[in-house]
Amino acid sequence: MAGNPPTDDPIQDAPSVTAPQHAAAGLPAIAHSLRMAHEQMGVRRTALTLLRVNQKNGFDCPGCAWPEPDKRHAAEFCENGAKAVAEEATLRRVTPDFFAAHSVADLAGRSGYWLGQQGRLTHPMYLAEGATTYEPVTWERAFDIVAEELQALATPDEAVFYTSGRTSNEAAFLYQLFAREFGTNNLPDCSNMCHESSGSALTETIGIGKGSVLLDDLYKADLIIVAGQNPGTNHPRMLSALEKAKRGGTRIITVNPLPEAGLERFKNPQNARGLAAGGTALTDLFLQIRLGGDQALFRLLNRLILETEGAVDTAFVDEHTHGFEDFAHAARTADWDETLRATGLRREEIETALRMVLDSRRVIVCWAMGLTQHKHAVPTIKEVVNFLLLRGNIGRPGAGVCPVRGHSNVQGDRTMGIFERPAPAFLDALEKEFGFTPPREHGLDVVRAIRALRDGQAKVFFAMGGNFVSATPDTDVTEAAVRRARLTVHVSTKLNRSHVITGARALILPTLGRTERDRQQAGDQFVTVEDSMGMVHASRGRLEPASPQLLSEPAIVCRLARRTLGEASPTPWEDFERDYATIRDRIARVIPGFEDFNARVARPGGFTLPHAPRDARRFPTATGKANFSATPVEYPRVPEGRLLLQTLRSHDQYNTTIYGLDDRYRGIKNGRRVVLLHPDDAREHGLADGAYADLVSEWTDGTERRAPGFRVVHYPTTRGCAAAYYPETNVLVPLDHTADTSNTPASKSVVIRLEPATASAAASAAADSGR
């Protein structure tokens, strides 16, 4: 039998701490996965469900976007994937009786962990204006409420349509189609908070905002650089690919402020060697860099490559690139002393990295939020592109750019048109196919949407998945902004904090999960997703839905569109809901690369989208070539007595979903309000290991942003840098502290000071935060 959800919300006042681990996965990962799966699903349901995860005839894991190999293991999932599936396929239920027993104020005082553990939502729920509890509502009335509010707006741009990465290609295409037929490009999504910097930099430099490598390229690489990324927690299946690459002779450089267990050693739970032996040592060189120093590192490496006779691939540079001379002039000014200050590295470490680069013909650079969430994130990624272009490492097998997306189908949503700044060619295709004139003005991204809600310029907020108020920066500002809305709507599978931080009125619309059978008039349906490397494949659930009241995401969009747009709409919404193949037929005519979509996705494993730089060394930029960049080097300057904070995940969470209160690899148990400090930094601030401190961020607006009551953990991080978990520390990230160009919140470079606090204050803070 599956376990019951927790009735009491645990107070995290005394986390225990042991030494961090130096290896990931192994038997503990198997045991932890099975324990959580059994607690949520029971033994039989666990077996039926986990063996279908990421299989060619199964369903796509609702967790990360790492691709699957062609030949798949029977257990093609990781520990965190098992947790994600268990929480979706759980036997726990959140019924109308639950809402009757808990007021919104009561739920707002609960932690995100407690809310998520209650189980699957079963009925549409409505919070009337002035009401204190949600009440059940029919689907027809729910759609009426949304349509009435949308139709009452002074302009369509007073509505915001947010999307989480879990949404399928079919649902995402319909969602953006509805928003644009309604009349707005206000389509912010979770990409705005993660890889928007990657897309901005790559579009400008190579002409396409996606990575250029496939899974097989990792196995062919001579050198893989993993920068600003923690695969062991955030993309655990990547460790299997790195292990296979290592066995083939690939070397790995890790660039990160924190040592991460998964990149030190991987004990592969899918084979006897990984379980019985000590596993595989993955990292050959660990560059423990200072937060935000990556651009300076790659700029100096580029200077040193330029100075090495024969190191530059001059044939590639001459034929395929633009702007080399300006870049080379800027690179030759890179200064050793300045670089060492910016990076915190030693000269001999950088020289060792250079030798490894020069010894490698085929190089891949992988990165994630550690590069994208800084003010100078876009210039940093441009410098990574410079580094690869110098030696011809784009468009060559075993080489290229590899931004690792963190959420299943977040890349597919963008491909389907979930973007506040759509390309004119995409809008032209929509207009030709559907016979309406889509808006051309750019819409709101996440940060601008929060400002619009705050300033009363946006009045309806509709979220297709996700946990907006917990995922976004400047928590107090965001929550106050959302509360100013006339209506907030969330299409969700589980309860989260965004359901209890509401506008004047609120709706919760429960939807099918990836694991569940989707029956429509034309029969059982499947949906499709795109992984982090541009592979598109089908996803088919088999479990009975958690409730007969659930609707699929495509059905929700279609019914809302019919109710809002009425008979005047030229779009066949009823046909789309009846048979998803009709949606794919339209996608095939609108979006390049999806020609003959239905036939190609019917093949086991799906198909690969075209990528001109990878496939043909053709660069669809304004210059027609790959563009070198010569942007000035930046890195965070921190005042004396202050530290630079990065927000990050624990091993027991996925994005804002908290699976438990432990971080096994970092040695943290039963607590999330911890701050990781280098022992020398902690001593300089008079903070012993186990002391408690308030974290206070400092920003140019003079506003005090405080996260109280964090246990100090002496940890082997880079000097001058600190780390703490989000969403608890999102309150410290100023709304206006964003990356240039991409407007992504700069959550990896927050200047903070530490103020001593007592353990009792910490307990009070944890109890009061509800986050």
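## Basis

In this predicted model, local features need pLDDT of at least 70 and side-chain atom pairs count only at pLDDT 80 or more, while totals for chains, interfaces and linings use all residues. Residues are numbered from 1 along each chain as its sequence is written, and side-chain values use heavy atoms, with hydrogens and water left out.

## Surface patch

L27, I30 and L34 make up a nonpolar surface patch. Together they have about 240 Å² of accessible area (Shrake-Rupley method, 1.4 Å probe, only the protein chains shown as cover for residues). Patch residues have over 30% relative accessible area and no salt bridge, and nonpolar side chains are joined within 5 Å. A salt bridge puts a side-chain nitrogen of Lys or Arg within 4 Å of a carboxyl oxygen of Asp or Glu.

L34 lies in helix α1, residues 27–41 (a DSSP run of H or I, at least four residues). L34 is partly exposed because its relative accessibility is 36% (buried is under 20%, exposed over 50%, partly exposed in between; 1.4 Å probe, protein chains only).

Strands are DSSP runs of E, at least two residues.

Strands β30 (residues 692–697) and β33 (residues 750–757) run antiparallel, joined by six bridges. Pairing takes at least two DSSP bridges. D694 sits opposite E755 in β33.

## Cysteines

The structure has zero disulfides (cysteine sulfur pairs within 2.5 Å). C558 is buried, at 0% relative accessible area. C721 counts as buried because its relative accessibility is 1%.

How values were computed. Patches are made of residues with over 30% relative accessible area and no salt bridge: like charges are joined within 9 Å, nonpolar side chains (Val, Leu, Ile, Met, Phe, Trp, Tyr) within 5 Å.
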